[in-house]
Amino acid sequence: QVQLVESGGGLVQPGGSLRLSCAASGSDSSINAMGWYRQAPGKRRELVATINYGGSTNYADSVKGRFTISRDNAKNTVYLQMNSLKPEDTAVYYCNAGLGSSGTYYSGNYWGQGTRVTVSS
């Protein structure tokens, strides 16, 4: 079993920055990657960024060049650095533990509780 706890959300003005954290505990041998998702009001949950245990990363086109996913293995924590934030980035952001294979991320059953990000002036 894996437990995930997100933090770092809040209210920020357009153009600002936030860093989200996802602290993981427990273990599951089928997990080899982590992902950040977001869900805006009235919209489907979408995949934002992923990182595998080898450090390879992938991003949604909407956040490329603005968001950076990284991990600190010693702290069992994954981060999402979000820069140049836009109002359309407003959403609840969720951390997920899953499987990365041949460049595709498959979400696992482990989710955090979510952290809300609001981009508004």
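Which element gives the most to the lining of the largest pocket? Strand 3 does, with four residues. The model is predicted, so local features need pLDDT of at least 70 and side-chain atom pairs pLDDT 80 or more, while totals for chains, interfaces and linings use all residues. Residues are numbered from 1 along each chain as its sequence is written, and side-chain values use heavy atoms, without hydrogens and water.

The largest pocket has a volume of about 250 Å³. Among its 17 lining residues, Ala-24, Met-34, Tyr-53, Arg-71 and Asn-76 are the closest to its centre. A pocket is an open set of points on a 1 Å grid where a 1.4 Å probe fits, with protein on both sides within 12 Å along at least five of seven lines; lining residues have an atom within 4 Å of a point. The lining divides as follows.

| Class in the lining | Residues |
|---|---|
| Nonpolar | eight residues |
| Polar | six residues |

Thr-115 lies in strand 11. Thr-115 counts as buried because its relative accessibility is 9%, and buried means under 20% relative accessible area with a 1.4 Å probe, protein chains only. A polar atom of its side chain lies 3.0 Å from the backbone nitrogen of Gly-9.

Note on methods:
Helix = DSSP H or I, 4+ residues; strand = E, 2+ residues; numbered from the N terminus. Buried < 20%, exposed > 50% of the residue type's maximum accessible area, 1.4 Å probe, protein only. Polar contact = N/O pair within 3.5 Å; in protein donor to acceptor, adjacent residues only side chain to side chain. Points joined across faces, edges and corners; volume = space filled by probe spheres on them. Nonpolar A, V, L, I, M, F, W, Y, C, P; charged D, E, K, R; others polar.
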